[in-house]
Amino acid sequence: MLNNPYIVVPLVSWIVAQALKFAWAAAWGRLDFKYLYGSGGMPSAHSAVVVSLATTSLLLDGQGSHLFGLTAILAAIVMYDSFGVRRSSGEQAVALNRLIDSLGRDSRAQVPEQPLHEVLGHTPLEVAVGALLGFLLASLFNLDRVSRQITFLTAQPLRVEAIVYAVIFGLLLVGGIATRLYLRRRYPKSAAFQSFAKQLFWKTEVIAWPGLLGSFAQYENLPYFSWRVWPALLVTIMVCWDIYLYGRYRLALPQALAEEREAERKRRWFELGNKKKKRK
């Protein structure tokens, strides 16, 4: 078993991630040994494990192998679940524990003795750092295989690949502009939605235009600028940015919209009251 890299590398990644999690929490004044084995916190051990497994299969079996496909899909599902469903469960546990504490003051209330576990999920940043840690550790354990992947990434791609990337970045550019126009028309007075639309628009501008230029360079086979790594790197940045925006605005947007509607309702109520007073 110790000679199997598909077990050793993820195991080492989990140990390193948990140790860094404990050190990070201690640095912020939260000295708790549960970070050596528990879930949640910076960085994500789940992300480190699944990404190290996917990277190991990529380096040992190649990007066209069935095993790499399975591990890549598994890594995507686990990371999405970390900052999605499991994070929401942790937030619900915090709210329920506060409710239980308030009920505990009433002697007639029947409350559980043990509080619910609150640290379950991760922020998008914790997931990203864990994924980067898993990738670096897997690459470190397979340095002899990394050179082949570097050769693949710096090779001249097929023109079909350049066309596909051009379509992807073109759709990204059009989608970003259309989304901003829609949000500006749908929520013209919402500062939160306007901020989200602005960030989304500039994200597409920053990524889509270099992507389109890179696709042109690939199509023309320009030296150094037509490496396969450039569009792949831009797509990776785009995905990470989307995860960040989703995690930041997933709960903030509905809450901000509700607060703005409540403020608008109060403003109209006061204006109506003032109009009635003036008529009298």
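Student: Hi! Which helix is T71 found in?
Tutor: T71 is found in helix α3, residues 66–83. Helices here are DSSP runs of H or I with at least four residues, numbered from the N terminus. This is a predicted model, where local features need pLDDT of at least 70, side-chain atom pairs count only at pLDDT 80 or more, and totals for chains, interfaces and linings use all residues. Residues are numbered from 1 along each chain as its sequence is written, and side-chain values use heavy atoms, with hydrogens and water left out.

Student: Thanks! Is T71 buried or exposed?
Tutor: T71 counts as buried because its relative accessibility is 6%; buried means under 20% relative accessible area, with a 1.4 Å probe and protein chains only.

Student: And which side chain does T71 join in a polar contact?
Tutor: That of S57, at 2.8 Å. A polar contact is a pair of N or O atoms within 3.5 Å; within protein, one must be able to donate a hydrogen and the other to accept it, and residues adjacent in sequence count only if both atoms are side-chain atoms. The T71 side chain also reaches the backbone oxygen of F68 at 3.0 Å.

Student: New topic: where does S65 lie?
Tutor: S65 lies in the loop between α2 and α3, and S65 is buried, with a relative accessible area of 16%.

Student: What does the side chain of S65 reach at 3.2 Å?
Tutor: The backbone nitrogen of F68. A polar atom of the S65 side chain also lies 3.0 Å from the backbone oxygen of G62.

Technical notes: Helices (H or I, at least four residues) and strands (E, at least two) are DSSP runs, numbered from the N terminus. Buried means under 20% relative accessible area, exposed over 50%, partly exposed in between (1.4 Å probe, protein chains only).
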